[in-house]
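Visitor: I am new to this structure. Please pick out one part of it, look at it closely, and tell me how it sits in the whole.

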Amino acid sequence: MEDVKNACEERMKKTVASLKDDFAAIRTGRASPTILDKLRVDYYGQKSPISQVATVSVPEARLIVIQPWDRALISEIEKSIQKSELGLNPSNDGKVIRIAIPPLTEQRRKELVKGAKATAETSRVGIRNIRRDGLEDIKKRTDVPEDAVKKAEEELQKLTDSYVAQINKVLDEKEKEILEV
């Protein structure tokens, strides 16, 4: 029983971690180097994250500065940012790339919140599916007394409730960050 519970808990942790990663990529009105985490640039035939080929800094609340270690990468990084769905316009002076983060419109903020809620709901469904799989594994066991099965089911439900609460908390924090002017 304990092994099923531990396996479910491990999968639930990964689901919450994945949600946090997804939320980190959502652009808010504030500059954050994490919005570039999913972007890759061609570096000597290898697709590499920008953070591995350049220094990414945030000197001001609405400005990201990228300083490539190899100047030949400037155009490659710039193209990667322009092709992304972030809606950002990079500019370069031959040495560094600057990205001014425009303030979000009210409509765009509402769209981002709606998307964040949908992503969180997908994560909640994932947590419930993990619980369902765990319950099936517990019920398949014939060598366990019925009261132990009931107890394991209750523990799995408590675990599910705690991870759904974590997802709700992460969503609330992201929602506040997006709606912050």
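Guide: Among contacts (heavy atoms within 4.5 Å) in the protein chain between residues at least 6 apart in sequence, 64% join residues at least 24 apart. This is a predicted model, in which local features need pLDDT of at least 70 and side-chain atom pairs count only at pLDDT 80 or more, while totals for chains, interfaces and linings use all residues. Residues are numbered from 1 along each chain as its sequence is written, and side-chain values use heavy atoms, with hydrogens and water left out.

The chain has four helices and six strands, taken as DSSP runs (H or I, at least four residues, for helices; E, at least two, for strands) and numbered from the N terminus. Their order along the sequence is α-β-β-β-β-α-β-β-α-α. The radius of gyration, taken over C-alpha atoms, is 22 Å, whereas a compact globule of 181 residues would have one near 16 Å (the rule is 2.2 Å times the number of residues to the power 0.38). Along the principal axes, the C-alpha atoms fill a box of roughly 70 × 40 × 25 Å. Of the 181 residues, 37% are buried, that is, under 20% relative accessible area with a 1.4 Å probe, protein chains only.

The part to look at is helix 3, residues 106-140. Its 35 residues should span 51 Å at 1.5 Å a residue, and because its end C-alpha atoms are 51 Å apart, the two values agree; the expected span is 1.5 Å times one less than the number of residues. Among its buried residues are Arg-109, Leu-112, Ala-116, Ser-123, Ile-130 and Ile-138. What covers the buried residues of helix 3 includes helix 1 (2-24) and helix 4 (146-179).

The axes of helix 3 and helix 4, lines fitted to C-alpha atoms over the stretch in contact, come within 10 Å and cross at roughly 170 degrees. The two helices are therefore roughly antiparallel, a label for angles over 145 degrees between N-to-C directions on a scale from 0 to 180. Their contact has 16 nonpolar, five polar and seven charged residues; Asp, Glu, Lys and Arg count as charged, Ala, Val, Leu, Ile, Met, Phe, Trp, Tyr, Cys and Pro as nonpolar, and the others as polar.

The loop between strand 6 (97-100) and helix 3 holds Pro-103. This proline is exposed, with a relative accessible area of 57%, the cut-off being over 50%. Pro-103 lies 8.2 Å from Thr-28, C-alpha to C-alpha, although 75 residues separate them in sequence.

Note on methods
Angles under 35 degrees count as roughly parallel, over 145 as roughly antiparallel, 65 to 115 as roughly perpendicular and the rest as oblique.
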